[in-house]
Amino acid sequence: MKKKIVILPGDGIGKEVTAEGKKVLEKIAELFDHQFEFDEAQIGHDAIEASGNPLPNETLAKLKNCDAILFGAVGHPKYDNDPTLKVRPEQGLLKMRKELGLYANLRPIKLFDELLKASSIKAEILKGSDILFFRELTGDVYFGEKGRKDDGNTAFDLMIYQRYEVERIAHKAFQAARTRKKKVTSVDKANVLESSRLWRQVVTEIGKLYPDVELEHQFVDSAAMKLIQNPRSFDVVVTGNLFGDILTDEASQIAGSMGMLASASVGDTVGLYEPIHGSAHDITGKGIANPLASILSVALMLDISFGLKEESETIIKAVEQTLKAGYRTTDIADSHTDKNKILNTSNMGSLVVEKLEKVTSAQAV
Ligand code: NAD
């Protein structure tokens, strides 16, 4: 198979982890006889420094002319600490999602058994958790009207949803539920917010088209509590942009660390694959970032965008075997971890690549 992949490393640890994702793609191409052509482009803080634009036209043109995108993260302390700066790295990310029509963000939350002890949640509560989040990506407070009034002393961000935006993501969630445990939990705040009342009404209507799938509604505050209390009670979760942003970071604790969670953003055109974490200024340059979320994002890319299921499963098995052999990055290490098996970012990536070879030759026997 011949595919064109654009790599967008972005800022901070985005650069460090996508380098490992690329290594895995190169090995998969070699082992399964595919031709992956790579191109790289700028986004975020680096792009602002170079051209004043967080999503340069040159980058956008490349993204519109490829088969899949592997993205790292954007963000820089300069902007986090100065809300008055008008041009910001995250504008590049939001514009990219809007321009490419990437309206559904899929975030699988699956715990590798080997990491049961890495979470701060009790193992007996976590074991067997397997949740697929659908976070809406192009609406909500992120894209509604925003501004300041009263000499800057009043600020507002409009939470806005249109029927078609809810319909299309609800369809995706119900379709996915049919291939899983046939249950959808829709999360909103319909007791308070009008946009949530529209959300609930539309999801209920779409749900009637999938009578074989159970639909339940939860308020976001209660869902946040139940996610930690009984994560196994969830199968597919569909929710808006803001609630999805917060709930999936919370759910990262089910998987042990932010460094373990991959995501896929899909819609009308090309698919974008990225870890759920940000640019992590606190660990940038230290070589300790966990690259497994980026590597698992590559597995999602091969499955969802290219239909390469065997290649995708091979990556997941290679990650599983790496963890089973006791290797960890610091974020997923615990008191039982052998100190000699705590790896830096690059060595963790290389070990997964090594395991890919082993898994593939075992499968060929
Ligand atoms: P973050 O996800 O970058 O980091 C949160 C915590 O998790 C940090 O302690 C970090 O060290 C740790 N962490 C994250 N990824 C890790 C990994 N792969 N391995 C080990 N530890 C990891 O979130 P934040 O600190 O709130 O934000 C930092 C910057 O990232 C900000 O500028 C923010 O705007 C940006 N951000 C970008 C994205 C994105 O590009 N998609 C998402 C979230 C935040």
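## Glu 20 in helix α1

Glu 20 touches Pro 291, Ile 295, Thr 345, Ser 346, Gly 349 and Ser 350, leaving aside residues up to four places away in sequence. This residue sits in helix α1, which covers residues 13-32. Because its relative accessibility is 5%, Glu 20 counts as buried. Please keep in mind as you read on that this is a predicted model.

## Around the ligand

Let's turn to the ligand. There are 20 residues around it, and those that come nearest are Val 74, Gly 278, Ala 280, Asp 282 and Asn 290. A backbone N or O atom of Gly 278 is 2.7 Å from a ligand oxygen atom. For Ser 279, a backbone N or O atom is 3.0 Å from an oxygen atom of the ligand. His 281 takes part through its side chain, with a polar atom 3.1 Å from a ligand oxygen atom. On its own the ligand has 800 Å² of accessible area, and the protein covers 69% of that.

You will find it in the loop between β12 (271-275) and α11 (292-304). With a relative accessible area of 24%, Ala 280 is partly exposed. Its phi is positive, at about 45°, although it is not a glycine. Most residues other than glycine have a negative phi.

Helix α8 runs over residues 194-207, 14 residues in total, and reaches 20 Å from its first C-alpha to its last, close to the 20 Å expected at 1.5 Å a residue. Its buried residues are Ser 195, Ser 196, Trp 199, Val 202, Val 203, Ile 206 and Gly 207. Looking down the axis of α8, these buried residues fall within an arc of 140°, so they line one face of the helix. They pack against the strands β5 (130-136), β8 (183-188), β9 (214-219) and β10 (236-239), and against the helices α7 (163-178) and α10 (241-251).

Helix α7 has 16 residues and spans 23 Å between its first and last C-alpha, close to the 22 Å expected at 1.5 Å a residue. Buried here are Glu 165, Val 166, Arg 168, Ile 169, Ala 170, Ala 173, Phe 174, Ala 176 and Ala 177. The packing partners of these residues are β4 (104-110), β5, β8, α8, β9 and β10.

## Gly 10 at the end of β1

Gly 10 belongs to strand β1, residues 2-10. At 5% relative accessibility, Gly 10 is classed as buried. Beyond residues up to four places away in sequence, Gly 10 touches Lys 15, Ile 43, Asp 46 and Ala 73. Gly 10 and Asp 80 are 70 residues apart along the chain, and their C-alpha atoms are separated by 16 Å.

## Two exposed loop residues

Lys 117 is found in the loop between β4 and α6 (123-126). Its relative accessible area of 60% makes Lys 117 exposed. Even so, Lys 117 touches Asp 334 and His 336, again not counting residues up to four places away in sequence. From Lys 117 to Val 202 there are 85 residues along the chain, with 40 Å between their C-alpha atoms.

Asp 33 lies in the loop between α1 and β2 (35-40). With 67% relative accessibility, Asp 33 counts as exposed. Asp 33 is not a glycine, yet its phi is positive, at about 60°.

Note on methods: Residues numbered from 1 in each chain as written. Predicted model: local features only at pLDDT ≥ 70, side-chain atom pairs only at ≥ 80, totals over all residues. Heavy atoms only, no water. Helix = DSSP H or I, 4+ residues; strand = E, 2+ residues; numbered from the N terminus. Expected span 1.5 Å × (residues − 1). Buried < 20%, exposed > 50% of the residue type's maximum accessible area, 1.4 Å probe, protein only. Arc of directions from axis to C-beta. Contact = heavy atoms within 4.5 Å. Near = heavy atom within 4 Å. Polar contact = N/O pair within 3.5 Å; in protein donor to acceptor, adjacent residues only side chain to side chain. Areas by Shrake-Rupley, 256 points an atom, 1.4 Å probe, with all protein chains shown as cover.
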